[in-house]
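The points take up charged pairs, aromatic pairs and model confidence in turn.

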Amino acid sequence: MKENLTIYRDKVIEIWKTKSNKQKTFILSMVLLFLIIVVGGSVLMARSPMVPLYNNLSMQEAGQIRAELDARGVNHEITDAGTAIRVPSDQVNNLLVELAAQGIPNTGGIDYSFFSENTSWGVTDNEFDMIRLDAMQTELSNMITGISGIDHANVMITLPQQQIFVTDQQGDASVSVVLTTAPGYQFEANQINGLYHLISKTIPNLSTDNIVIMDANLNYYDMENGSGTTSGDLYATQQQIKQDIERDIQRRVQQMLGVMIGPDKVLASVTTDIDFTQENRLEQLVEPYDEEQMAGLPISIETIQETYTGEGAPIDGVGVGEEDIPNYPAGETGVGDYELVQESVNYEYNRIQREIIESPYKIRDLGIQVAVDNRRDTLDEAGEPVFLTAAEQAEVEASIASILESIISTSIDQTYGEIDMANRTSIVFQEFSGIQGGETPGVPVIPTWVYVVGGILVVLIAGLIILLVRRRNNQTTEEFDYTEETTIRQPNEIPDIEEPEDTESTIRRKQLEKMATDKPDEFAKLLRSWIAED
């Protein structure tokens, strides 16, 4: 094969040398033109036309979308002074769905500018609105159908009528979507949220509260609330939180009492009442500047003083008769002095506004039940168990009660009132039958069957290792024997058979046979050279 390629290469070189310079230039030009046509045509055929992805974007969101497209390696163009982005037409639907699932963008809308480009003269405003509405429904249906798990989507969009006057209240738009899903497909929470976000961007100022998504079996797909939990699994989440709190308190009580009494001598159970109410409260308080004097901070003081001396001054200063008005000059006047002092002080108080959001998961009530084994670790002379006396039980009960009181007082929220320890703890002394129903944090006991299985596995592993070692030794011995036998049985050099007459052809044949036996590589090269010459 290599010799044939060498022969063809030599022939091509000889033909190329026979050509003139003009012929060589013409051939190279044709080859270069062919490559340009093939490569350029492939690039143009593979390139998709650029169509708008989003328009009316802010500069920040245009930069955010551009960074996301750069990270994905998507070819894109920015037009309209940085407010619109164009991408290849075959990637528009996928990009809209994927970006909407990530909450991108926060503003802007899907471009429907091609409506006006495809309309003819004479179309009325009502006809154009119907065409635009139908196109929006069709495009939105196609985009939703492109999502994994959705076979078909029927979309109905209701747009509010444009009001003539600015003062008129604008109506709200609404969207209803009926999905035909793939059999057995279950949507994730982020997929539902992305679908709501995508639909809300098809129409300006469309709120997610005005979007309804359901399937053909009247199953609704609700958007997650701000806490990330839907109303359907709220009960399950609360129960899980309640179980986690009870298990944590139970482990602490079990561990503490197990150290005091013994891990196999005590069993604890915990029940809780959890308040899951979340309160948002706004407080507007007015407090005095000086809390001791209950006075504010004076910010302005106005003092008015009036004095008069001479005739016309009221007698005794002010009117004090039965028919006189208090603090008003009396009817009788004469020679005298008149003086009026009036002082007005404006105080400022501390005005405090607090916006308080209280988190839920408060322990409203807590109950702990403890069972103690009243048997001693020793036996009497008859082999019967020895039980604790009444005094010993009372001492143990008092110790346990003090521990439980401390745990309960620090666990229950104090806003729910005083804590009645008598109704929240229960301590029982009972002989255990040997079955523990709670979680004991003591040292785990390994059962006997684990040791038996472990011993069997160790024996099997040892047997396999011995078999592998023996097999390897046998293979080494066989290879050594075979090598030795091969070495012993190597044939000796066979002397040439004497022939009665040594002709030239006979001598050459013997030389070739000897070369093939002693030097096979040189013999093969000699044969290749003969074949090439032929």
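1. Accessibility is classed here as buried under 20% relative accessible area, exposed over 50% and partly exposed in between, with a 1.4 Å probe and protein chains only. By that scale Asp273 is partly exposed, with a relative accessible area of 33%. The model is predicted, so that local features need a pLDDT of at least 70 and side-chain atom pairs count only at pLDDT 80 or more, while totals for chains, interfaces and linings use all residues. Residues are numbered from 1 along each chain as its sequence is written, and side-chain values use heavy atoms, with hydrogens and water left out.

2. A salt bridge is taken as a side-chain nitrogen of Lys or Arg within 4 Å of a carboxyl oxygen of Asp or Glu. How many salt bridges does the structure hold? The total is 14.

3. One of these joins the side chains of Arg364 and Asp273, at 3.3 Å from N to O. Because Arg364 lies in strand β12 (residues 362-373) and Asp273 in strand β7 (residues 266-275), this pair ties together parts that are 91 residues apart in sequence. Helices (H or I, at least four residues) and strands (E, at least two) are DSSP runs, numbered from the N terminus. Arg364 is partly exposed, its relative accessible area being 34%.

4. Arg364 also meets Asp275 in a salt bridge, at 3.8 Å from N to O. Here too distant parts of the chain are linked, with Asp275 in strand β7 and Arg364 in strand β12, 89 residues apart. Is Asp275 buried or exposed? Asp275 is buried, with a relative accessible area of 12%.

5. A further salt bridge is formed by Asp373 and Arg375, whose closest N and O atoms are 3.1 Å apart. Asp373 is buried at 3% relative accessible area, whereas Arg375 is partly exposed at 25%. Through salt bridges with shared partners, Lys265, Asp373, Arg375 and Glu431 are joined into one network.

6. Aromatic pairs are counted when ring centres of Phe, Tyr and Trp (its six-membered ring) lie within 6.5 Å; planes under 30 degrees apart are stacked, those over 60 edge-to-face, and the rest tilted. The count by this rule is two. Tyr185 and Phe187 form an edge-to-face pair, 5.1 Å centre to centre with 75° between the planes. Tyr185 is partly exposed at 29% relative accessibility, and Phe187 is buried with a relative accessible area of 18%.

7. Phe187 and Tyr221 also pair edge-to-face, at 5.5 Å centre to centre and 85° between the planes. This pair links distant parts of the chain, 34 residues apart: Phe187 is in the loop between β5 (174-181) and α7 (189-200), and Tyr221 in the loop between β6 (211-215) and α8 (234-261). Tyr221 is buried, with a relative accessible area of 16%.

8. Confidence is given as pLDDT, the predictor's value for each residue from 0 to 100. The protein has a mean pLDDT of 76, and 78% of its residues reach 70 or more. Which element has the lowest mean pLDDT? That element is helix α5 (residues 114-117), at 52, while β5 has the highest, at 90.

9. In residues 317-321 the pLDDT is below 50, and the stretch has nine contacts (heavy atoms within 4.5 Å) beyond near neighbours in sequence. Residues 435-443 are also below 50, with 17 contacts beyond near neighbours in sequence. Where pLDDT is low, the predicted coordinates should not be read in detail.
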